[in-house]
Structures are given as structure tokens and as C-alpha cells.
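I opened a new notebook page for one protein model. The entries record what I looked up, in the order I looked.

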Amino acid sequence: MGSEQGALRAGLDELVDVTSRVRDAIESVATGRPSLAWLTVAVLLAEGHLLVEDVPGVGKTTLAKALARSIDCQVGRIQFTPDLLPSDLTGVNIFRAQTHEFEFRPGPVFSNIVIGDEINRASPKTQSALLECMEEGQTTVDGTTHRLPRPFLVVATQNPVEMEGTYPLPEAQRDRFMARLTVGYPDHDAEMLMLDRQEATSPLAHLAPVTTGATMLRLADLVRHVYAAPAVKQYVLELVGATRGHTALRLGASPRASLQLLKAAKASAAMAGREHVLPDDVQALAVPVIAHRLILTTETRLQGTTPQDVVTQIVERTPVPPAPGRR
């Protein structure tokens, strides 16, 4: 046990150093919003997928590109449009006359980091092509199953549903994303810094990799060994369970939300250099992990309440267990 703890401690020291450099690289582009970089890296370590939602022009795609540029791995980018077909994502079998055989030509999902730009501008049929990829790390084309590379992270950007030419993501698709973040407008100082930095050139042009995909995969495996006490797991279940049957909600969070909240909390603890999860880790991730899975009742929506408001209220009302120590 002592040697295992020593290996975990050494691994966490490396994890803190590597993730700090990745976050710095992202923050050099996503100016003045460190919470975006923190959540993005936490989702990557927890082997989840990230949904980035906001109005055009606030840096959703730039954030995704910054993550991809900071890690030396294969990157695929998909611009979702209404005429996009599922095969444009997953790939197709092409008949070769010379060999009289079909040859599989992989699509952009066969990458370590897949940037799906404006995912809700594609039809539901095309959106659903990502379901198997995101959940099982594989895709099936013409009856043949192909494994996707690891690490595998989908960073999808989405415009608000009220905008012209958008399709709302189905509940099953939203539930596949570990977390959703809203970029928001930068404050005055951050926007001024952005003008200074990007007046002559894009910061992405000078962004060099600070780690590799293989390293991130190894660190993600390490995150699984971060300890979560029974009281912390119970706390996760109470937060998620409180959304089911809530009077303001038509649909609560699924069991997948519980699992992904715990995984993200472990990643948060690891990034802080801890071998164990604290209730604070769970609280910090409750809104981004749970809120996008909820569906409000019509009455609640008309009152101006948001899913984020409901999750915040649940966190405030749920008793917090005492902070557990390490094993």
C-alpha cells in the first residue's frame, strides 16, 4: 500500500505540473477567464466530453482550438451544417476497383480531440452519429466496428437554441457531455488585453504543445486512483437525486450524471495535488456537470428560472458532509 501511495503522490506532482502548463497555454488565448481552462482540463482528465455554449464571437471555437494546440496529438475539426451527413463524421467504405475490395476511409472522429463547431446546426440524425463515439469509444460503419483512439475528447460548441438555423440537442445527446460551460463576455480589462494581443496576429499561431496525448492518457489513468470517501459518494448521490421529482423540473439528472460528477471531482482533486476528493470539488462542478441535463417545467421556465439556478439552490440546501481525509 505504501509503494502505491508513493507512486500516486509522484504521479500527482507530475499531473499538477503538466495541467498547469496546459491551463496557462489555454489562458494565453482565452484571456481573463481562468475558470474556462480549469474546467476544460478537468473534463479531459476525467475522460469526458465538453459542451461549450454561448452566442457567436465570444471565443468558443478558439477555446477548443487552444486546448488542441496545447497537446501534441491528432485533432479533427467538424463544421456542423444542415446538410452534413453521419458518414461525414464517422467515415465511409470506398470500393477500390484495383483490388475489388472495400477500403475504410476514417472520418474526423478518428482523432484524439474532436472539435465539433456549432453542433446544433446539424440535423438530429447527424448529431446522433456522435452518440456511439462518445459513449463507447467506437463507431460502426456498414456493420463493422472501429475503435477510436485514446485519449478521445469531443469539444462541441453550440449556439443558443433561439438563434436562427439551430436544432436543439436531444436529451440523450446532452447527457453524453460530462460538462457544459458558458464562455460569456470578457470584462473590460480582459477585452482590452485581447485587443492588444490579437491586434497584429492570432495567439493561436504562436501556441506550441506543452505535453502529449500519451502523457494526458497516463494522467487520466492516474485520476481513477484518487480516493473518494463513502460520505463524498453519498453527497454526490444526494445532489443528483434531489433533481429527480423536483417541482421545478420535468426531467431530473440521470445516473450517468452521478458517475460523471464523481469522475470530474476526482480530476479536480488531482489538479489541486490531492489524493482524495473533498466536498468542495463536488460543489464546484455541480452546476457545469448537472444543469445541462435538466428540463424545466413550462411554468418554471416562464418565471425566468434557469437549470443553473435550480442546481445552485440544491447545493445550498443539501447538507455538506465533513471533509474526509486520505485513506
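The entries below go from the whole chain to single residues.

**Ground rules.** I am working with a predicted model, where local features need pLDDT of at least 70, side-chain atom pairs count only at pLDDT 80 or more, and totals for chains, interfaces and linings use all residues. Residues are numbered from 1 along each chain as its sequence is written, and side-chain values use heavy atoms, with hydrogens and water left out.

**Whole chain.** I found 14 helices and 13 strands in the protein chain; these are DSSP runs numbered from the N terminus, helices being H or I of at least four residues and strands E of at least two. The radius of gyration is 20 Å, close to the 20 Å from the globule rule for 327 residues, so the chain is as compact as a globular protein of that length. That radius is taken over C-alpha atoms, and the rule is 2.2 Å times the number of residues to the power 0.38. The C-alpha trace spans about 70 × 55 × 50 Å along its principal axes.

I noted that buried residues are 52% of the 327. Buried means under 20% relative accessible area, exposed over 50%, and partly exposed in between, with a 1.4 Å probe and protein chains only. I also looked at contacts (heavy atoms within 4.5 Å). Of those between residues at least 6 apart in sequence, 78% join residues at least 24 apart.

**Salt bridges.** I counted a salt bridge where a side-chain nitrogen of Lys or Arg is within 4 Å of a carboxyl oxygen of Asp or Glu. The count comes to 15.

- Arg 180 and Glu 53 form a salt bridge at 3.5 Å, N to O. Arg 180 is in strand 10 (residues 179–182) and Glu 53 in strand 1 (residues 50–53), so the pair ties together parts 127 residues apart in sequence. Both residues are buried.
- Arg 21 and Asp 17 form a salt bridge at 3.2 Å, N to O. They are 4 residues apart in helix 1 (residues 2–27), which means a separation of about one helical turn. Arg 21 is partly exposed at 33% relative accessibility, and Asp 17 is partly exposed at 41%.
- Arg 96 and Glu 103 form a salt bridge, with the closest N and O atoms 3.2 Å apart. Arg 96 is partly exposed at 27%, as is Glu 103 at 40%. I then noted a network in which salt bridges with shared partners join Glu 135, Asp 175, Arg 176, Arg 256 and Arg 293.

**Backbone.** The peptide bond from Arg 150 to Pro 151 is cis, with omega near -5°. Pro 151 sits in the loop between strand 8 and strand 9 (153–158).

His 100 has a positive phi of about 60°. This residue is in the loop between strand 4 (91–96) and strand 5 (101–106), and His 100 is exposed at 60%. Asp 142 has a positive phi near 50°. Asp 142 is in the loop between strand 7 (138–141) and strand 8, and is exposed at 64%.

**His 146.** Is His 146 buried or exposed? At 18% relative accessibility, His 146 counts as buried. I placed His 146 in strand 8 (residues 144–147). Leaving aside neighbours within four places in sequence, His 146 is in contact with Phe 104, Phe 110, Gln 138, Thr 139 and Val 141.
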